[in-house]
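Dear colleague,

Please find below the model I promised to pass on to you, with its sequence. My notes on what was found in it follow directly after.

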Amino acid sequence: MALLSRRLRPVFLVLMVLPAAVVSGGAQQPASAATRLTLGGPAPPTRTEAELRAFLDELEIQEFAISNALGVEQYYQWKGENRHFAGQFARLQTDLLSRKDYAAVIERWRGKVRDSTLARRLFLHHRDFLVARADPRLPLRFVDLQAAVQDTLGQFRFEIRGQRLTGTAAYELVDTSADRSLREEAFRSRTQVSPHLRHPIFQAMELLDRIGRQQGFANGAAAGLELSSLEPASVLRDIEAFELATRPAYLAILARVKADLGVDRVEAWDIDYWLHRQERSVGADAWPKEPGLTRLHDLMRGLGFAVDSLPIDVRVWDVPTGGITFFTRPPYEARLLTNPFTGSDFYETLFHEYGHGLNATLMRPDLSPIFFRGDETPLGEGLAETLGHFAYDRHWLAHAAGVSADQAERLEQVGKMQLLLWLRRSITLQAYTEISLYRDRRMNPDSLYAAAYRRFAGVELPPGDYMGARDFFATGPLYAQSYLYANMIATQLREAMREQFGVDDLSREPRVGAWLTERFFAPGASVPWREKVQRATGKPLSTDALARYLAGAIPPEGAGRSPS
Ligand SMILES: [Zn+2]
């Protein structure tokens, strides 16, 4: 039972869940007095494209001031400081984005300007100002529910054989215990929290659905996915394609689990344990914690990034998720917090987060401020994964982690199997269930979830309220699919670089840095994410490269027979 957030759940979510504001109209000043946009003032006249541009310039300065300030507050919030102004600054941001008079200017001009950069700016403003269409009390109630779910889960202890354990410690038992009945008990303990979470989770989904419909969307999923330029039907199609393409490799893994563990039927609590044995059986410690930062810098330097002059502050810090990166002042400063995990998780998260940091600090400094937000989540996460994949790249393992070529190959394979399991059982299972429920609110969520579990995880869910334990439906709504797209992007980009550079080993390839910077980092949000992928790789994004990559996840004959 891997956690959904193997790593970063980013701060972009704030835009979706902004606490509501009280401002709903312009200030009571005569509009004729306005020649420029003052703080909290009425929109100035925008009769020409030049006047519109001037209005947007000033609006973006106000937004940028608030988002930079908010980023710093959130950084200290995540570092565990009790005194911060994250909530207050988030409300300032909502005040601005709830201005119906500003929203009206944007709607009036949308699709009617000649300049393509201005059109892109208008499109992003249009989406930001969708907040202004909903009853401002609903997002506030949603944020409160989110906090309640988060707090309940954080404080909850799961009782297993007389011990009271955190969720993480309970998962650890499922992953590592050789006692099968203990693994089963730990797995089933998850439903202990359901009586506390089920009601707020469904209330949160109901609220998001209402907010989405008030914004003019067919349902909450359509509204949430719009923030990543996705729509429900196509996401479901991509999930189907991914599930079908990876089914043979996944079934081969399940068959091997059954044979290696000598069980009649593979259960939900057997798969992670088998994978844990696989990693152990290679017999090498490829991911020691102590040299992590040195190895990170060596890798990035080898890829052609000017590591020593990049303004990325890296700290290993115990945060409530894998890691998180703040665009403190793009492109001049980024701050990164990453968890002190053990093993490959530590390196994967560190490299992934550093990818976000590169993204933040390698944007062109002359962009309009609205473009400094970077790419939408599929590509934002995709670029981070492009670097995260190096953590179990056999070339990097062989030359940087001190393991033999044979061990490196086996570790890469274990990494692929972990990725496949995570994408099927956490990511696509979550996204499929969530989107299906928003599309048809009459569906029975429990039977839908059980059927989806059977299909994506390939094993039966035992009886019990597992649906009511899925806190992510409230705390990370409509986010899961980002990681499926991220891995489609990472594998397609890595394939394209190998082809274009004519090399197999990217881990010491100094052209990687410039390739990623020119095509992806530098333009920020000024180019839509699908267009960037298409231009750089010469083809539209598809599941093909990911399926090819994960075909290598089939375990070799006889692997894992004799764990220590
Ligand atoms: Zn990330």
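The crossing of α6 and α9 is left-handed, a crossing being called left-handed if the near helix is turned anticlockwise from the far one by less than a right angle, and right-handed if clockwise. Helix α6 covers residues 137–155 and helix α9 residues 194–214, and the two pack at an angle of about 155 degrees with their axes 9 Å apart; axes are lines fitted to C-alpha atoms, for helices over the stretch in contact, and angles run from 0 to 180 degrees between N-to-C directions. The pair is therefore roughly antiparallel, given that angles under 35 degrees count as roughly parallel, over 145 as roughly antiparallel, 65 to 115 as roughly perpendicular and the rest as oblique. Helices (H or I, at least four residues) and strands (E, at least two) are DSSP runs, numbered from the N terminus.

On the α6 side the contact includes L138, F142, L145 and V149, and on the α9 side it includes L197, I201, L207 and I211, where two residues are in contact if their C-beta atoms, placed from the backbone, lie within 7 Å. The residues of this contact divide into 14 nonpolar, 4 polar and 2 charged; Ala, Val, Leu, Ile, Met, Phe, Trp, Tyr, Cys and Pro count as nonpolar, Asp, Glu, Lys and Arg as charged, and the others, Gly among them, as polar.

Before going further, please note that this is a predicted model, in which local features need pLDDT of at least 70 and side-chain atom pairs count only at pLDDT 80 or more, while totals for chains, interfaces and linings use all residues. Residues are numbered from 1 along each chain as its sequence is written.

Turning to the strands, three of them form an open sheet in the order β3-β5-β4, with mixed pairing; two strands pair if DSSP finds at least two bridges between them. Strands β3 (312–316) and β4 (323–329) stand at the edges, each with a single partner strand, so one side of each is left without a neighbour in the sheet. Neighbouring strands are turned by 15 degrees against each other on average, direction ignored. Strand β3 runs parallel to β5 (residues 333–338) and is joined to it by 5 bridges, and V316 has T338 in β5 as its bridge partner. Helix α14 packs on this sheet, touching β3, β4 and β5, and its direction makes about 170 degrees with that of β5.

The peptide bond from P330 to P331 is cis, with omega near -5 degrees, and P331 is found in the loop between β4 and β5. S229, although not a glycine, has a positive phi of about 55 degrees, and it lies in the loop between α10 (220–226) and α11 (232–261).

With kind regards
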